[in-house]
Amino acid sequence: MEYINEASMLYNLRQLYKRGCTYSRVGEIILSMNPFEWFTNLYSNEVQISYANQLIWREEQGHRRLSARQLDDSNRLLYEPHLYETASHAYSALALGQKDQSILITGESGAGKTEAVKIIANYLTAVQTTHPSFSSSGGSGRAAGDDDEQPSAENNKVNVQMAVVSKLSQSDIIFEAFGNAKTERNENSSRFGRLTKLFFAKGKEDNTAAEMGNEELLDDDDATPICSVLGSSFETILIEKSRIVAHKINERTFHIFYQLLAAPYEFKESILQGFGSATRDSFRYIGDVDVDTIGGRTDAENFEQTKSALATFGIEGEELNALMEALCISLHLGNLTFAPSRRSPRAARVASEDEIKKLSSLTGLSRDEIESAVTTKLAKNKNGNVIVKLTQAQSRERCDGLAREIYHQIVVFLIDKMNKATSPAHFRGNADQVGQNKTDQEKVGCISLLDLFGFESFEKNGFDQFCINYSNEHLHNKYVRDKFISVKAEYEFEGIDIDFDYSAINNSGILNVMDGRMGLVPIMNEESVRPKGNSSAFVYKAKLLHKNSDHVVSEKQHNQYEFGVNHYAGLVTYDAADFIERNADPLPIELLAFITKSTNSIINAQFDALFVNKRKLLTKLAGKKHGAASTTIVSNFRKQLAGLLKHVGETKTWYIRCIQPNVEKKPAVTDHEVTLRQLRFAGILNAMTISKKIFPNQLSNDIVWDRFKCLSRKYIDKQLESKECICNLLSDLFKDSERYVKGEYTAPYVCGKTKIFFWSGALEKLESDRKDMLSLKAAKLRGYIETAIQRRRFLTIKRGMTLLQAVYRGLEARLERRDRIRAALLITCWTKLALVRLRRRKRRENEACTKIQNAWRGFGPREELRHKKKAANMVQRVFRKRQDRERFNSAFAECVDAARKQKQMKALLVLLSSDHSSKDNGGGQKKKKSLTSRLPNERFKKSSEWSNEELLKECQL
């Protein structure tokens with residue numbers, strides 16, 4: 001970029017982000033803009049191998065191997081900015097025998113710091129498998145001629161690498177559950193800083209390439225030895241314990257509490273009877289938040305995932321139950337309610353009997369012990385220790401402090417378990433000896449990944465923001481010393497004068513205001529241990545003691561708790577209403593002694609160690625004037641930060657700045673205000689401005705001569721000194737490219753003692769000219785080669801054509817002969833076919849004639865037979881009709897006769913009936929005789945002799 005300003009910076013970042021380029025580079029600093037989506041092509045195995053080959057193994061397939069010095073100094077444009085770039089540089093520097101490495105990843109919540117750490121860690125643990133010797137041996141680590149012991153040793157290294165990768169991924173799940181929470185900006189925000197150390201084996205005895213029979217790779221001075229991964233360790237920094245007891249309305253506390261409440265009913269009941277039906281509304285610390293899905297998974301699904309990850313590190317069974325019971329203790333401490341004591345209205349007593357009984361069941365302590373621990377404290381007077389009753393507010397703060405510390409000790413316990421499972425000692429099997437002597441330290445190298453909060457400035461900034469910005473001031477100071485103060489010292493060594501005010505980026509002044517003898521932190525500690533210390537007194541003293549400082553701001557609009565601090569990133573106004581309460585030691589020695597009696601194995605072990613350490617510390621600090629100030633939260637954080645800075649200071653540090661392009665989490669959308677604020681906080685604009693004002697590029701004399709002597713258009717006497725030769729070379733190359741600075745023309749470069757320093761664009765011009773020259777020569781060489789290739793191809797084609805013609809002519813003759821034979825055979829076949837068809841047609845005609853004759857000859861007799869059959873049928877019908885008519889007439893006559901006789905019978909019956917009732921008369925007898933004579937039955941032939949009764953009886957029968 002020729003013009004450095006906020007507009008050009010934002011424009012370039014927006015254009016890159018819109019094209020899907022989430023990474024950019026400012027010198028050695030990588031800018032990572034959260035894409036809010038996963039690009040598989042950016043993190044594929046092919047991309048990993050490409051970066052490893054270029055930046056670690058110093059070779060590309062089919063290309064000349066490049067030295068590390070060449071890649072680091074002048075070929076950065078050969079590869080795109082990427083997280084793998086920084087990881088590769090760190091791995092290469094460690095492998096080449098340099099000191100341990102650190103990668104510092106900062107940014108605000110939602111910027112993608114945690115994902116960046118995962119990507120880098122996965123790459124570093126798998127990078128040894130990208131070595132060409134690994135792939136050439138089929139990934140098994142065995143080369144030709146290896147003995148039987150070598151494959152087993154290599155397989156062991158691969159197994160270690162796989163175990164480290166597996167445990168790293170499982171540890172991420174645990175850290176997300178116990179250290180992440182939903183905030184207004186990010187649903188899965190890390191509420192702690194994390195230092196991840198990856199350990200690698202250094203030295204040729206641990207070099208995989210040598211074990212695999214590829215010693216030729218080690219003979220090259222530029223070859224990078226393979227460092228096998230051995231293990232890892234973790235450390236948390238400034239976990240946000242205040243979120244355990246309070247959070248904003250639209251936010252959540254740590255994920256693990258919601259996962260526990262979403263666990264199966266039977267599992268919750270096994271922890272505490274009645275806990276199975278508990279919901280979010282059951283606990284004051286949790287509250288009702290209408291969110292039960294994080295990362296596309298429900299809390300119940302995340303609980304099963306967390307449970308599986310804990311089992312990976314051996315936390316299962318009784319130990320898992322103890323862990324969940326400890327979480328329940330923290331939750332139920334928040335449900336304790338207090339009321340005025342019956343004896344003293346100002347003193348507090350526990351009013352929630354159900355909750356204290358549940359706590360008693362979980363901790364194994366009696367109800368009275370718990371109530372006494374949270375409602376009283378020990379105070380010293382001239383007569384010794386006395387028991388003082390606490391108010392309701394003090395008792396509430398005591399419970400909250402105990403809940404915060406219990407959760408903190410749970411996290412410490414988990415980290416200790418994970419470190420024991422992933423440390424190099426665990427994988428090597430000699431936990432007591434590894435790292436204890438100088439030889440082991442020389443064999444084991446470390447790459448540290450530091451994931452830390454970026455600079456924060458909100459509408460209301462409290463104690464957490466103060467601590468975060470305090471740590472960022474120290475990290476920025478190290479960044480300035482690494483990148484600019486060291487540059488200034490280098491210029492002085494090279495004898496180069498540079499006109500730039502380094503005070504614009506040096507934050508030593510603000511560090512002195514915060515850390516000095518009368519700085520903000522010592523004042524806060526003093527007020528925290530003072531008997532009647534309070535936050536308003538702290539703010540008053542801070543403004544009074546620093547009223548002449550530009551770094552502490554006092555405005556008329558501020559209330560008694562507000563004060564402003566001019567940090568390197570800008571002005572931040574803090575609300576110190578709870579600074580002293582938050583900074584004071586929440587757990588006095590008597591409360592620690594109480595909680596160590598718990599039957600919960602995790603709480604007992606963790607607080608017992610904490611109690612012993614605190615008692616030793618109090619004994620050591622007894623009688624000292626400011627001894628109590630050493631036990632405050634800020635003091636402990638200062639010690640932890642000092643240890644971290646000491647560790648990082650002993651390493652080569654690489655920087656990655658993560659940027660959240662918009663708060664809506666939309667891909668390819670850049671919010672200028674949000675992005676610009678983060679660029680200011682990260683110091684990127686200052687870095688680019690300084691890089692433009694100083695020499696942005698530098699190369700050693702040897703590299704300049706080796707790389708650009710081919711561009712010289714005049715003879716240079718090589719007998720001259722190296723520096724004089726280079727000066728003559730550059731004066732010839734830049735004779736038409738002088739810069740107009742302060743009224744005079746100067747060359748765009750400066751020759752130092754051992755290096756050449758180039759102004760912006762000068763090295764790019766040389767590289768462009770060299771590229772054009774090489775392209776021109778390559779074109780000529782390509783022409784010669786193409787001519788030779790084409791001539792050889794022509795002769796080959798000519799010989800081939802002659803042979804082809806001979807073969808073709810022979811083939812054509814054979815084809816012609818074959819066609820003739822086929823034609824003759826075809827004619828013969830067709831002739832025979834015609835004859836066969838003719839004979840077949842004649843045979844069919846004869847058969848047809850025969851059939852016609854047969855049909856015609858049989859037609860006459862058949863017709864005659866048909867007529868005869870028809871006549872016979874007619875005769876038969878007539879004869880049968882006549883017979884049927886005769887039978888019918890006979891039957892009809894019989895029927896008529898029978899009907900007549902029946903009628904006569906009925907008349908006789910009537911007559912007989914009438915005669916039976918009356919006397920016989922002559923006419924009746926005649927008529928009866930006439931009727932009986934007509935009856936055909938033989939029985940009635942003598943009916944004249946019967947009486948009327950007998951005749952009537954027979955007729956009825």
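Helix axes are taken here as lines fitted to C-alpha atoms over the stretch in contact, with angles between N-to-C directions running from 0 to 180 degrees. The model examined is predicted. In it, the axes of helix α4 (residues 83–95) and helix α5 (residues 113–126) come within 10 Å, and the crossing angle is roughly 45°. Because angles under 35 degrees count as roughly parallel and those from 65 to 115 as roughly perpendicular, α4 is oblique to α5. The crossing of α4 past α5 is right-handed.

On the α4 side, the contact is formed by Leu 83, Tyr 84, Ala 87, Ser 88 and Tyr 91. These residues meet Ala 116, Ile 119, Ile 120, Tyr 123 and Leu 124 of α5. By class, the residues of this contact comprise nine nonpolar and one polar, with no charged residue.

The strand pairing described next concerns β14. Strand β14 spans residues 444–453 and is mostly covered, with 10 of its 10 residues buried. Lys 197 has Ser 448 of β14 as its bridge partner.

How values were computed. Residues numbered from 1 in each chain as written. Predicted model: local features only at pLDDT ≥ 70, side-chain atom pairs only at ≥ 80, totals over all residues. Heavy atoms only, no water. Helix = DSSP H or I, 4+ residues; strand = E, 2+ residues; numbered from the N terminus. Parallel < 35°, antiparallel > 145°, perpendicular 65-115°, else oblique. Left-handed = near helix turned anticlockwise from the far one by under 90°. Contact = heavy atoms within 4.5 Å. Nonpolar A, V, L, I, M, F, W, Y, C, P; charged D, E, K, R; others polar. Buried < 20%, exposed > 50% of the residue type's maximum accessible area, 1.4 Å probe, protein only. Pairing = 2+ DSSP bridges.
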